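Welcome, and thanks for opening the viewer. Let's take a short tour together, one selection at a time.

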Amino acid sequence: MRKRDLLAVATASFLALTVAGCESGSNTGGGSGGGKIALLLPESQTTRYEQHDRPLFEAKVKELCPDCEVIYSNAQQDQSRQQQQAEAALNNGAKVLVLDPVDGAAAGTIASLAKSKGVPVISYDRLIQNAPIDYYISFDNERVGQLQGEALVNRLKELGKTSGDIVMINGSPTDNNAKQFNKGAHSALDNSGFKTVPTPDYFTPEWKPENAQKFMEGQIAQLGKDGFAGVYAANDGTAGGAIAAMRAAGINPVPPTTGQDAELAAIQRIVSGDQYMTVYKAFKPEADQAATLAVDLVKGNKPTAGKTVDNGSGAIPSFLLEPVVVNKDNIKDTVVKDNLYTVQQICTGAYAAACQAAGLS
Ligand code: BGC
């Protein structure tokens, strides 16, 4: 090596040491130096991912670390595609993976690959199971199911019903969240006087609204148009499918139906009375927390988390946020107050009268 090159290497190492020294202990990511962060989301039929999670995450990374770059991919419900996207991100030099898995068990392969390359993994919203991961950021998902179940039972009681069948439409069988929503819902529905049908529980392949719709058509054919008291739908997409099936069968009004995600279409159905409730899991704190953590990890910091969750491979440091019930009475105080939607966005032509009646406009 020539003398000038040696000097360059020495200077570079000195700089690297200085930068590392400045950054250790910084929790805000305010130090210099960037890196690539991969954000891997599972699908785009549910509006949250492209409308909220992705832009919020990218904005927070940019704010905390102007020199960082987000490599974004959406797996469109395909686990092998997500595997390829993760591999591509790792080959492209990603220093952190923020992964919302299509399949929580199969995603263990991605986590192990990242680990072998020394790249930390943040499990985003859905838990990656039985594999070494560094952090988990989500909501209290059993609580989500419990809130849905309780709201449904209370509404049915308000309507003077104390017994009957509740058609239960759960989420994707490969999503650990779906199992937790189901568990929480059962804790509220079992022994409530109502009975969930069918047995065993139905889980909607890939969370697809059209699959939920077909399933609901079958249930209506089997139970009769007024053969059930309510519908437990795990999210707004499946609720939309179930409500479309009930409407097409001429059921009007539709019995109380639950949801989750506070999608704009669901808020409008709540205003018009087609859907009873949704669960709002504020996207900003979840995306902000993930972005802050990812930037910390890029900069070599390892922040502590208040809780741990066992993913089958150990106690994973976790941040769990609190979900909120939204029904006709608190749309203004929740999603409108948080600027998720304006009243104008909700109260378009077809909903104008219902909005007025609900005190929204
Ligand atoms: C998320 C929900 C979403 C569903 C379908 C779940 O893991 O927590 O918010 O509706 O997946 O994508």
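## Starting at the ligand

Select domain 1 (2-133 + 282-324) and domain 2 (143-280) in two colours: both give residues to the shell around the ligand, so the ligand lies between them. Keep in mind as you look around that this is a predicted model.

Next, show the residues around the ligand. There are 14 of them, and Glu43, Tyr49, Asp125, Asp175 and Asp261 come nearest. What is the make-up of this shell: how many residues are nonpolar, polar and charged? Colour by residue type and you will find 3 nonpolar, 4 polar and 7 charged.

Now bring up the helices. Select α2 (48-64) and then α6 (176-189); each of these supplies at least two residues of the shell.

Move on to aspartate 175, where a polar side-chain atom lies 2.6 Å from a ligand oxygen. Then pick aspartate 261, which places a polar side-chain atom 2.5 Å from an oxygen atom of the ligand. How much of the ligand does the protein bury? Taken alone, the ligand exposes 310 Å², and the protein buries 100% of that.

The largest cavity is the space that the ligand takes up.

## Last stop: a loop

Finally, select the loop between β2 (69-74) and α3 (79-91), and pick out glutamine 77 there. What is its phi, positive or negative? Glutamine 77 is not a glycine, yet its phi is positive, at about 70 degrees.

Technical notes: Residues numbered from 1 in each chain as written. Predicted model: local features only at pLDDT ≥ 70, side-chain atom pairs only at ≥ 80, totals over all residues. Heavy atoms only, no water. Near = heavy atom within 4 Å. Polar contact = N/O pair within 3.5 Å; in protein donor to acceptor, adjacent residues only side chain to side chain. Areas by Shrake-Rupley, 256 points an atom, 1.4 Å probe, with all protein chains shown as cover. 1 Å grid on protein atoms, 1.4 Å probe; cavity = no way out; pocket = protein on both sides within 12 Å on 5 of 7 lines; lining within 4 Å. Sits in = over half its atoms within 2 Å of the grid points. Helix = DSSP H or I, 4+ residues; strand = E, 2+ residues; numbered from the N terminus. Nonpolar A, V, L, I, M, F, W, Y, C, P; charged D, E, K, R; others polar. Domains from an automatic or database assignment.
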